[in-house]
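This report describes side-chain organisation in a single protein chain. It takes up the nonpolar core, then a surface patch with its aromatic pairs, and then the salt bridges.

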Amino acid sequence: QRMPAYTFNKTWERSGYWAMIVSSPEHIPDFLPKPVLIQALVKFERNAPGDLAVSAYSSALAAGLKSPVLQMGLANSLEKRGDLDQAIDIWRGLMQKEQNLPAGVNLAFALGKQGKTAEALATACSLLKLVNQSEEPPALRSLVQENLMALIASTDGQCTP
């Protein structure tokens, strides 16, 4: 749309000088603040095909952005793409390093998908103990407990005290 520069500038001013950066998933702009970049990647993942989301997350992590959110996004995208073994490795790492509850839940369910019922049950049971000691918000703890109890019930197993 053609318009006079004056009209464009006035319209742009009313928007708060809003702008958009378009780049390929393989190229992560290095001038963006880390929280803005993480938020953009998470939003991108929601609608992106698995390959593009994997590429974007991998690029951000390779650029030195260390973030559990980025690692979770990469693992979730890998699972969506069908690379369950790689996703499991990432979730396992997040659990070992940070006791990341959402990663643990994803890990337990992924192990169940692979038919590793005993390992899925053991993971779910150990996570239940962590949930009670966690400082996560009550709503997240409740959701994690609900999901873990459903997984445990689906295995016909039970946790030992």
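In what follows, two residues are in contact when heavy atoms of each lie within 4.5 Å. The model discussed here is predicted.

**Nonpolar core**

With neighbours within four places in sequence left aside, Leu 41 is in contact with Ile 28, Ala 56, Tyr 57, Ala 60 and Leu 70. Leu 41 also belongs to the largest nonpolar core, which has 41 residues. Within this core, the residues that touch the most other members are Leu 41, Leu 70, Leu 74, Ile 88, Trp 91 and Leu 148. At least two core residues come from each of the helices α2 (34-47), α3 (50-62), α4 (68-81), α5 (84-98), α6 (101-113), α7 (117-133) and α8 (138-154). Which helix gives the most to this core? That helix is α7, with eight residues.

**Surface patch and aromatic pairs**

Met 3, Phe 8, Trp 12 and Tyr 17 make a nonpolar surface patch of about 400 Å². Met 3 is placed in the segment before α1 (5-14). The relative accessible area of Phe 8 is 42%, so Phe 8 is partly exposed. Trp 12, with a relative accessible area of 32%, is partly exposed, and Tyr 17 falls into the class of partly exposed residues at 47% relative accessibility.

Over the whole structure, a search finds two aromatic pairs. One is formed by Phe 8 and Trp 12 and is tilted, with 5.7 Å centre to centre and 35° between the planes. Both residues of this pair, Phe 8 and Trp 12, lie in helix α1, four residues apart, about one turn of the helix. Trp 12 also pairs with Tyr 17 in an edge-to-face arrangement, at 5.2 Å centre to centre and 80° between the planes. Through these ring pairs, Phe 8, Trp 12 and Tyr 17 are linked into a cluster.

**Salt bridges**

Side chains of opposite charge can pair when their charged atoms come close. The count in this model comes to five salt bridges.

| Salt bridge | N to O distance |
|---|---|
| Glu 13 and Lys 10 | 3.4 Å |
| Asp 51 and Arg 81 | 3.4 Å |
| Glu 119 and Arg 92 | 2.4 Å |

Glu 13 counts as partly exposed at 39% relative accessibility, and Lys 10 counts as partly exposed at 36%.

The side chains of Asp 51 and Arg 81 meet in a salt bridge. This pair links distant parts of the chain, with Asp 51 in helix α3 and Arg 81 in helix α4, 30 residues apart. Arg 81 has a relative accessible area of 36% and is partly exposed. Asp 51 and Arg 81 are also linked with Asp 83 in a network of salt bridges.

Glu 119 is partly exposed, with a relative accessible area of 34%, and Arg 92 counts as partly exposed at 28% relative accessibility.

Conventions: Residues numbered from 1 in each chain as written. Predicted model: local features only at pLDDT ≥ 70, side-chain atom pairs only at ≥ 80, totals over all residues. Heavy atoms only, no water. Patch = residues over 30% accessible without salt bridge, like charges linked within 9 Å, V, L, I, M, F, W, Y side chains within 5 Å. Areas by Shrake-Rupley, 256 points an atom, 1.4 Å probe, with all protein chains shown as cover. Salt bridge = Lys/Arg side-chain N within 4 Å of Asp/Glu carboxyl O. Phe/Tyr/Trp six-rings, centres within 6.5 Å; stacked < 30°, edge-to-face > 60°. Buried < 20%, exposed > 50% of the residue type's maximum accessible area, 1.4 Å probe, protein only. Core = buried A, V, L, I, M, F, W, Y, C linked by side-chain atoms within 4.5 Å.
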